[in-house]
Amino acid sequence: MQKVRAKKSLGQHFLKDLTIAERIAETLHEAVPVNETLRVLEIGPGMGVLTQFLIQHPTYQTTAIEIDHESIQYLNQRFKNDIGKTLTLIEGDFLKIPLETIYPNSDFCVIGNYPYNISSQIFFKVLEYKDRIPVCAGMIQKEVAERLAAKPGCKAYGILSVLLQAYYNIEYLFTVHENVFDPPPKVKSAVVRFIRNDRSNLGCNEKLFKTVVKTAFNQRRKQMRNSLMKIVGEDNTLLKEPIFTKRPEQLSVQEFALLTNIIEQSLLCKSN
C-alpha cells in the first residue's frame with residue numbers, strides 16, 4: 001500500500017516506532033479495571049500505527065475519527081478485514097462531531113497521537129464530556145504536556161493546568177523524541193494521561209471561574225489585583241484582600257474556585 005502524504009495543514013507527523021505505539025495503547029488499560037470492556041475513541045489515526053494495537057487489544061472496542069480522506073482510504077484498505085468488527089471508522093472533524101451521536105448511552109475513553117496545532121481544543125472538548133470520559137490519553141507536544149501536568153508554583157502552570165485539573169488528574173508519562181516520526185517534528189513530544197477525579201462540581205459559577213482564570217493568567221507576572229480589577233472594578237475594596245496580592249500560578253484549583261465565589265458575591269452586592 002502507498003503511504004499517506006503527511007499534510008502540514010493537518011499537523012500530520014506519523015509515528016513509526018511500534019514499541020511507543022504499543023505503550024500508548026496500554027495507557028488506557030492501565031487506568032481501568034482489567035476485565036472491563038472499554039469503548040475507545042481514537043482521534044486522528046493517520047496510518048494506523050496506534051490503531052493496530054487498539055484493535056488487537058482484547059478489552060477495547062475501538063472507533064476512530066479521521067479528517068483526512070487519504071488516510072481514510074489507506075485505513076480502509078489496511079484494516080479491511082476488521083472494519084465493522086473491531087474497528088469503526090468515521091470520516092469527519094472530531095471538533096465538530098457531537099460525541100453523543102457516536103456513544104448515545106455509554107462512557108468512552110479518548111486516545112490519539114493528537115495534531116499538535118489543535119491539541120488544546122481537543123482537550124477542551126473532552127472537558128465538555130467530562131462525565132462521559134473517565135480516561136483520556138495520548139501524545140502531544142512536550143511543552144503542552146508539561147503545562148497540563150504542572151502543579152501550582154511551577155512556571156508551566158497556567159490556564160490549561162487549572163481548567164483541566166479541575167476535573168482530571170493529569171499524569172506526564174514519558175517523553176518521545178523527534179526521530180520516531182515521519183516527518184520528524186521540530187519539537188519533542190510526550191505522552192500524557194487524564195483520569196477523571198471525584199469532583200462533581202467546583203462549588204462556584206463555572207462560567208465566571210473560567211473568566212477569572214483566563215483573565216488572571218493574561219498577566220501572569222503581576223499580582224492578581226492588577227488583572228482582576230477588569231472584572232471587579234478599579235475602586236473595589238475587595239482588591240485589598242490578601243488573595244489578590246498573589247500571582248495566578250500560586251493558586252490551586254480550589255483557591256481559584258474560592259476566589260470566584262468571593263468575586264461573584266462582591267459583584268452581586270455591587271449590583272444591588
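**Close-up 1. A salt bridge joins Lys188 and Glu178.** In this predicted model, the two side chains meet with N and O 3.7 Å apart. Both partners sit in loops. Lys188 belongs to the loop between β8 (181-182) and β9 (189-196). Glu178 belongs to the loop between β7 (168-176) and β8. The pair therefore ties together parts that are 10 residues apart in sequence. Lys188 is partly exposed, at 33% relative accessibility. Glu178 is also partly exposed, at 24%.

Close-up 2. The salt bridge brings the closest N and O atoms to 2.6 Å. An α-helix has 3.6 residues a turn, so residues three or four places apart point the same way. Side chains of opposite charge can pair when their charged atoms come close. Glu143 has a relative accessible area of 41% and is partly exposed. For Arg147 the value is 34%, again partly exposed.

**Close-up 3. Lys246 and Glu255 form a salt bridge.** Their side chains meet at 3.9 Å, N to O. The cut-off is 4 Å, so the pair counts as a salt bridge. Lys246 is partly exposed, with a relative accessible area of 31%. Glu255 is partly exposed as well, with 28%. Elsewhere, salt bridges with shared partners link Glu30, Glu171 and Arg193. These three residues make one network. The count of salt bridges in the model is eight.

**Close-up 4. Helix α7 carries a cap at its N-terminal end.** The capping residue is Asn205. One of its side-chain oxygens lies 3.1 Å from the backbone nitrogen of Lys207. Helix α7 itself runs over residues 206-217.

**Close-up 5. The span of helix α7 agrees with its number of residues.** The helix has 12 residues.

**Close-up 6. Helix α7 has buried residues along its sequence.** Which residues of α7 are buried? They are Leu208, Phe209, Val212, Val213, Thr215, Ala216 and Phe217. Buried here means under 20% relative accessible area.

Terms used
Residues are numbered from 1 along each chain as its sequence is written. This is a predicted model: local features need pLDDT of at least 70, side-chain atom pairs count only at pLDDT 80 or more; totals for chains, interfaces and linings use all residues. Side-chain values use heavy atoms; hydrogens and water are left out. Buried means under 20% relative accessible area, exposed over 50%, partly exposed in between (1.4 Å probe, protein chains only). Helices (H or I, at least four residues) and strands (E, at least two) are DSSP runs, numbered from the N terminus. The expected span of a helix is 1.5 Å times one less than its number of residues. A polar contact is a pair of N or O atoms within 3.5 Å; within protein, one must be able to donate a hydrogen and the other to accept it, and residues adjacent in sequence count only if both atoms are side-chain atoms.
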